[in-house]
Amino acid sequence: MTGRVLVARLDNIGDVLLAGPAIRAVAAGADHVTLLSGPRGRAGADLLPGVDDVVEWCAPWVDPEPGEVTEESVGSLVKQVRDLRVDTALVFTSFHQSPLPLALVLRLAGVPWLGAISEDYPGSLLDLRHRVDGDVPEPERALSLARAAGFALPDGDDGTLAVRRPLPGVPGTVGAAPFVVVHPAASVPARQPERQRTAAAVAALAEAGHRVMVTGSPDERHLTGWVAAEATARAAEGAAGIVDLGGATSLPQLAAVLAAAHVVVAPNTGPAHLAAAVGTPVVSLFAPVVPQSRWAPYGVARVVLGDQQAPCRDTRARSCPVPGHPCLAVDPADVVRAVDALTAGRGAQSFGGVS
């Protein structure tokens, strides 16, 4: 065992979930694992197997709406980390982020050994400067850092995404009959389909006989309510039911709903990765502002829809730079075909995970 280890992933829920396999590898070789998480990823951090405790801190070089950098804020984190008396720290980042600001803070907190993936010269900030070539999936990128630091997944762990089990019960409004989940929102506007297109897809699924749960956070209730109501109005008489679950679930309850679904339809956002973490196939409505080779749902059956050669490709834009958002102008019939294909194949497939 390697004593007390701090692992850091400072951004959103989906990013935290994608670091899960690497964190399990660390947990297999450590006495104690603390996860340093940003406020936007904290709910995901609480779901990860292998994590003993969580420290929450908003990093001004990561958060999309950063606060001011202050001596008080940085000093507070330095004190928290110093009090943890960690022996080792690994800083997990996306390919476009630098680990060095956090590495400096951790050095000030007295962490004796630090590892991270870094293209920039780290000087004495890192003991392990790891590099990864190519557009590998984010979970594999993070896991390669853990392995380079001497941590490996235990026997029987297949390296897919996972959440803590057991999951809570689902809301009674879900019912017992089979259903599909459609999650309309994304944390980045450029990755979110226009609401009219989402409503059309939900209506088409209902007309094809699929019960549909429209999910979203409390902040997304206006969107989920509109989509569910519009889809109900569009659907032909005799269509299957459409239920608005916007704001009705905590993240663990949402995980339970996604686990019970036959298929999840979602853009590139946290719930798509949460669906993968509970082993549910995903129809990914993927805007190519970031590479789908890195960020598409990992380790489960999936169908990726959306124009991956659109002009917004690889721009990392937060707001769509192309009028009409053409990359996500997906035909509702294509969504239905993708859901049907994944529904038909699910019973014969095995999906790994960690309890």
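Predicted model: local features only at pLDDT ≥ 70, side-chain atom pairs only at ≥ 80, totals over all residues.
1. Helix 4 and helix 5. Helix 4 covers residues 71–84 and helix 5 covers residues 100–108; their axes come within 8 Å and cross at roughly 60°. The two helices are therefore oblique to each other, since an angle must reach 65 degrees to count as roughly perpendicular. The crossing of helix 4 and helix 5 is right-handed.

2. Residues between helix 4 and helix 5. On the helix 4 side, Val74, Leu77, Val78, Val81 and Arg82 take part, and they meet Leu102, Val105, Leu106 and Leu108 of helix 5. By class, this contact has 8 nonpolar residues, no polar residues and 1 charged residue.

3. Helix 7 and helix 8. Helix 7 spans 195–207, and helix 8 spans residues 221–234. Helix 7 and helix 8 pack at an angle of about 50°, with their axes 8 Å apart. Helix 7 passes helix 8 in a right-handed crossing.

4. Residues between helix 7 and helix 8. Helix 7 contributes Arg195, Gln196, Thr198, Ala199, Ala200, Val202, Ala203 and Glu207, while helix 8 contributes His222, Leu223, Trp226, Val227, Glu230, Ala231 and Arg234. The class count for this contact is 8 nonpolar, 3 polar and 4 charged residues. Among the charged residues are Arg195 and Glu207 on helix 7, and Glu230 and Arg234 on helix 8.

5. Glu194. This residue is found in the loop between strand 7 (180–182) and helix 7 (195–207). Is Glu194 buried, partly exposed or exposed? Its relative accessibility is 33%, so Glu194 counts as partly exposed, the class between 20% and 50%.

6. With residues up to four places away in sequence not counted, Glu194 touches Gly324 and His325. The C-alpha atoms of Glu194 and Pro326 are separated by 9.8 Å, and these two residues are 132 residues apart along the chain.

7. Aromatic pair. How many aromatic pairs does the structure hold? The structure holds 1, formed by Trp57 and Trp61. The rings are 5.6 Å apart centre to centre, with 55° between the planes, and the pair is tilted; edge-to-face would require over 60 degrees.

8. Accessibility of the pair. Trp57 has a relative accessible area of 6% and is therefore buried, the limit being 20%. Trp61, at 33%, is partly exposed.

Notes
Residues numbered from 1 in each chain as written. Heavy atoms only, no water. Axes fitted to C-alpha atoms, helices over the stretch in contact; angles between N-to-C directions. Helix = DSSP H or I, 4+ residues; strand = E, 2+ residues; numbered from the N terminus. Parallel < 35°, antiparallel > 145°, perpendicular 65-115°, else oblique. Left-handed = near helix turned anticlockwise from the far one by under 90°. Contact = heavy atoms within 4.5 Å. Buried < 20%, exposed > 50% of the residue type's maximum accessible area, 1.4 Å probe, protein only. Phe/Tyr/Trp six-rings, centres within 6.5 Å; stacked < 30°, edge-to-face > 60°.
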